[in-house]
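Welcome to this short tour! Keep your viewer open, and get ready to select a few residues and strands along the way.

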Amino acid sequence: MRSPKEQSLDSKIIKTLKAYKINEKIISGVQRILSDEEIHDIQEYANHVSIVRLGYNDHGPVHMRIVTHNAIVLMDLLRRSSIKTSLESEGIGSFEDSLVGVIFAALLHDLGMSIGRQDHEMHSVNLAIPILDRLLPFFFPKNTQKTLMIRSLILEGIAGHMGTRNIHSIEAGITQMADGCDMTKGRARIPMSMDHNFRSGHIHMYSANSIEAVKLSRGQEKPINIKVTMSSEAGLFQVEEVLLTKISRNTAKPYIELYAEIQGGETIQYL
């Protein structure tokens with residue numbers, strides 16, 4: 001059974017794609033992957049492992065949908081500033097090809113949490129491959145050069161989403177940022193309500209509980225403005241240890257402005 005939050009996010013993703021005037025074939029394909037039972041079931045179990053066994057924040061279907069929506073918004077902000085994706089600038093694909101790759105990477109990036117935290121991004125890669133082989137033909141002709149190229153682009157985004165591995169495409173950088181921007185207190189709601197002994201994942205939980213909002217908008221000097229609003233300085237851990245880590249070697253870093261605002265206090269400009 002899909003939660004009301006999942007259903008709301010599914011609607012939000014489709015509504016955003018339509019607002020951005022994305023090709024109807026792509027929108028239909030995205031509806032198909034959002035409703036895919038195998039993806040949903042793995043996401044649900046990944047969340048169980050993350051929250052119940054490990055004491056981490058949400059890493060399930062809601063998180064992966066929020067990241068997907070973030071990624072779509074970030075991609076559009078680049079497009080509005082005439083910044084080309086790697087596929088576009090290299091002359092081997094279109095914006096919409098890149099967008100499909102980023103959507104898949106965002107929606108599948110944490111499947112590996114169903115196995116455990118350590119190396120979960122590489123477990124996600126292994127779990128994603130058969131899913132991609134099954135679903136990519138709804139977007140591109142099967143076993144063509146483009147299909148194989150987009151599959152590799154997706155796997156780069158999944159493998160690189162933690163910011164601990166070198167990435168080389170703008171598309172993978174967008175996946176990293178989209179993931180890092182899901183840090184609001186709603187992500188910690190369920191684990192905060194559970195009775196845990198302290199575990200290593202709890203610093204993420206307590207820090208995220210201080211984050212009130214993350215706003216993605218067009219920057220004044222750069223294409224993307226990320227503004228993080230927090231109720232206390234505890235939220236700085238999420239900004240400095242999670243988001244900045246993912247931005248530090250990010251291929252899209254030149255296009256980002258990053259601000260953190262503590263309610264009733266100072267505003268810090270990082271980028």
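Predicted model: local features only at pLDDT ≥ 70, side-chain atom pairs only at ≥ 80, totals over all residues.

Now widen the selection to β3 (256-262) and β4 (267-269). These two strands, β3 and β4, pair in the antiparallel sense, over three bridges.

Next, bring in the rest of the sheet. In what order do the four strands of the open sheet stand? Read across and you get β1-β2-β3-β4, with mixed pairing. At the edges are β1 (211-217) and β4, and each has a single partner strand, so one side of each is left without a neighbour in the sheet. From one strand to the next, the twist averages 15°.

Then select α12 (236-248). Helix α12 lies across β1, β2, β3 and β4, running at about 175° to β3.

For the last stop, go to the loop between α12 and β3 and pick out Y255. Is Y255 buried, partly exposed or exposed? Its relative accessibility is 23%, so Y255 counts as partly exposed. Show what surrounds Y255: leaving aside its neighbours within four places in sequence, Y255 is in contact with L78, I83, I170, K222, P223 and I224. To finish, select H59 along with Y255: the two are 196 residues apart in sequence, and 27 Å apart in space, C-alpha to C-alpha.

Methods. Residues numbered from 1 in each chain as written. Heavy atoms only, no water. Buried < 20%, exposed > 50% of the residue type's maximum accessible area, 1.4 Å probe, protein only. Contact = heavy atoms within 4.5 Å. Pairing = 2+ DSSP bridges. Axes fitted to C-alpha atoms, helices over the stretch in contact; angles between N-to-C directions.
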